[in-house]
Amino acid sequence: MDAETARLKGTEKLVWRNTSSAEVEDLWFHHYLNAFSSNRSTFMEESGGRLRRDSFDEKRWGWIEVSSLRLEDGTDLKGVEEYLSPDDGNPFDRTVARYPLPRPLAPGEEIEVFIEFESQLPSIFARTGMNGDYILAGQWYPKIAVFEDAGLRGRPQAGWNCHQFHAHSEFYADFGDYDVTLRLPDRYAGKIGATGELVEETREGEEVVVRFVQPGVHDFAWTAHPKYLVLEDLFDPVKDVPAELTTKIASWLGLPEKDLELTPVKLTLLLQPQHAEQADAYFQSAKAGLRGLGLRLGAYPYSTLTIVDPAFGSEGSGGMEYPTFITGGTSRAMTLPLFRDLPVPEMVTIHEFAHQYFQGMIASNEFEESWIDEGITSFYENQVMAETYGIVSLLGAEMDFRDFGRRGPPSGPPDPIVTPTWDFYDSRSYGVSSYSRPALVLRHLEATLGPQVFHRAMRVFFQRYQFSHPSTQDFERTFSEAVGRDLSSFFSQALHSTRALDFSIRSATSKEVEAPQGVFWQEGERIELEKPDKKKESDGDKVYETTVMAFREGGFRHPVTLELEFDNGERQRKVWNGEDRWHRWTVTGPSKLRSARVDPDGKLLLDANRLNNGLLIEKQRGPVTKLLVNILFWTQNLIQAVGLFS
Amino acid sequence: MANLLRFSVDRVRDHRRLVWVLYLTTLAPALLWAGLMSTHLFSGFADRPMAEDLLGPKAFMTWMEYTASPDTKVGAVLGLLPLFLVASWLLQIYVSAGVTHVLVGAEQSKDGQRLPSTLWAGMHHFGGRFARSGLIFLVAVVLLLVLVGSLGGVGTALADGSEDETWKLRIFVLQVLLGLALFIPLDLAYDLSRISAVAHDGRKMFRGFRKALGTVVRSPRYWLFYLGFALAAVAVMAIYGWVSGLGSASGGVAIFLMFCFQQIVLLVRSRLKLGLWAGEVGMFRESGEPTWCGEGRRPPVAEPLPQLGDSSFVV
């Protein structure tokens, strides 16, 4: 690494085995850094040079170039190198490269490839780069794409899955054993962190040489900064996992507590000196993630976790996940009294740690199905935040989801959750559909199925597909199997359509049933009943007929509970299958109706409009009066504030 | 300072009804606004079970849910808010012209029969000038914001250069302090120039503002006087926040008590505002009643005001 020019020269030995049942005729590589090579790359065209509240610095473009790619017999494939743009045909995009092989690789056969490359890191942007002395190197080397066998992720025939680098997409890669040696100027000695375990650090002249090793991961990132405070801690399950949490989750999962045993993990925190006060927040939140996800899904299988606190001005590299290596994000302002109690940096750490499971071990295709990593991760982030800090971190997301449903162009979510990242209507649709909507789908399932059933199913899915590449269909099938119910209709609507879930009570009436009067026949006898004297009638004699009209306002079909509450305190419930457009419920009883509701327990988290979920027979003026009193007060304050200029 | 404070207290005591005028100036438009909202809230919210959550700790989330619903109609009313605020600003400009006229005018009028006519005469005669002055002040504040805002770039550059983010924080704190420190003389000069315009029937509002600013800049104790009133207003709101955090009103009586408490808070703030303005009249007297805005053809206020330190208003 030449730290003066932010340029590195590398050699890569790749041993690749054809695990498919088909012959492989070529090798495809991601050259991700070329996304930053010009303003014409697909990434830059889509992002406009702005991403994650960060702007690209055009003073230093980023690129990667392969100078040779040789096979064992010395054949150099550089001459047949071909850049492709399978997603959009952009001729200026050089993020996907193809190298035809001189002969096809048979199923099960291994190939060794020796690559020489040069990478120019950009100024920190979109997860990678170098600012000053601070380096965060992600996607810095030629990265082999995934060769998918027929049947994998529903694929009809075997082939490479290699997409261009898009503004809203992350990555997709195969598992491998990484053994990486880095050579940097010696001012970085002791201040380098990376995926995996540091096995060697030596000095050679004015350079420091470090070697990191990590089997069973699908990416390798590293960082260096002379100013890092390097702190270590240990996640010790004996000390760091409360017994009551283990007991609770074991009962959900129906497993003995010993089956939930976790393993110790060495935590390394590379912290900016200015954030020294926040070391404990980083460690504690990482531990919360290790126990929260470990107990629910299975123990974190690696021995190390490195947490990076990005340098100031390099926020574009924050909030990112790589195997055994995550980047957080905080600022000095978070130590001020006003913000001290807001666990925002903790939320970021927990979110990125949760990615160790969803994308780290469940290595889904983030290009095509971003919800599997971002949505499920957001769900678990929310779970861990709630149990650790008592904060439902998705509350804002819920509102965002409803607001999006109402205002999103063109009226309602424009895209299904399962949409390729580059095909979303806009960045907001990508954000809501990848993060908050799928997280709400999972919360909805947890609420409607119950935590036991839900968490067991999620554990089955994780255990079955860890260290592989499951698709949405794999998730749906496994989840349904584990739950023991066919949820295909739910998933088809929730994940593959833009249908809105919305039930309402449009009308509710209760009227007194008149006593029978007139001529009747009883056991062959004709009797005549007269109109009863109202004055003599007591309240207990009255009978009311209550009729409630429930409607399915949206296209989403879903069973829903209806509840009637009567003046005498009695409540009646029934479940309507929600298939038809409307449902009439008529009951008779001794009391008048007070209110009628759909989804009285608020379990349908995906309900796009909760206002219409019920009707009160008599208007309640108290709550609205209180609201108006507050509106009046704050409007007066606002007018007084304007009056500062009067 | 003590003289100014005494003068302010005396003037407010002499014109207690002006507190109500200021209070009603905010209450009336707010009532109109709340009335507009109420038509939607009572028809589309009061019959929904969700509204019952307004009484509990989830009140804010419930309100957000309500506004996010496609069935809600308050969006149209909320969209009118900017227009409404501009109208209320104009109203307050005219009322401040009347109030200043009363404060600058004969102290003998007190809360006697002359108050409505003096107030109205001030609104009628000086309202337009006050509106012009208001625009000048608005421009000055915008320039101040641009100036203070541009410091943010300095903070970022310093932080980037030194890789020390505390520079950003330090500069931010400096921005806030500087913004407040510069706002105080601007607002004082704004008020004093208007007092001068009323006292001498002056019309040159920009000139008045400029000259008053020069005087204010040379009188830091006036800033402290202003700061005292500003901090008192902040303290009132802090007390409100503390009291309202003690619990959530759910019953009819509790809601009524909450309403009363809120309105008392606003009355106190109106009184503080009047106290500040009265004190500024004292500053004007102390400065020798300068003709910053020029002199008009109309005779100045009917009776000369007593000077600071005169036994007639020293308690």
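I sorted the lining of the second largest cavity by class and got 3 nonpolar, 7 polar and 1 charged residues. The model is predicted, and I kept that in mind throughout. I put the volume of this second largest cavity at about 80 Å³. Its lining draws on both chains, including Gln640(A) and Ser646(A) as well as Thr25(B), Lys273(B) and Trp277(B). I then checked the elements: α2, α5 and α10 of chain B each give two or more residues to this lining.

Next I turned to the largest cavity, which holds about 100 Å³ of space. I found 16 lining residues, with His218(A), Glu321(A), Tyr322(A), Pro323(A) and Gln359(A) nearest the centre. Strand β22 of chain A (residues 320-322) gives the most to that lining, 3 residues. By class, I noted 6 nonpolar, 6 polar and 4 charged residues there.

Then came the contact between the chains. I listed 75 residues from chain B and 55 residues from chain A. The buried area comes to about 5,800 Å², and carbon and sulfur atoms give 67% of it. On the chain B side, Phe42(B), Glu163(B) and Glu165(B) lose the most area, together 13% of what that side buries.

I also looked for polar links and found 18 residue pairs in polar contact, both at pLDDT 80 or more. Helix α2(B) gives the largest share of the chain B side, 14 residues. That side has 44 nonpolar, 17 polar and 14 charged residues.

Last, I counted 3 salt bridges between the chains. I wrote down the one joining Arg594(A) to Glu52(B), at 2.6 Å from N to O.

Technical notes:
Residues numbered from 1 in each chain as written. Chains lettered and ligands numbered in written order. Predicted model: local features only at pLDDT ≥ 70, side-chain atom pairs only at ≥ 80, totals over all residues. Heavy atoms only, no water. Contact = heavy atoms within 4.5 Å. Buried area = accessible area lost by both parts, 1.4 Å probe. Salt bridge = Lys/Arg side-chain N within 4 Å of Asp/Glu carboxyl O. Polar contact = N/O pair within 3.5 Å; in protein donor to acceptor, adjacent residues only side chain to side chain. Helix = DSSP H or I, 4+ residues; strand = E, 2+ residues; numbered from the N terminus. Nonpolar A, V, L, I, M, F, W, Y, C, P; charged D, E, K, R; others polar. 1 Å grid on protein atoms, 1.4 Å probe; cavity = no way out; pocket = protein on both sides within 12 Å on 5 of 7 lines; lining within 4 Å. Points joined across faces, edges and corners; volume = space filled by probe spheres on them.
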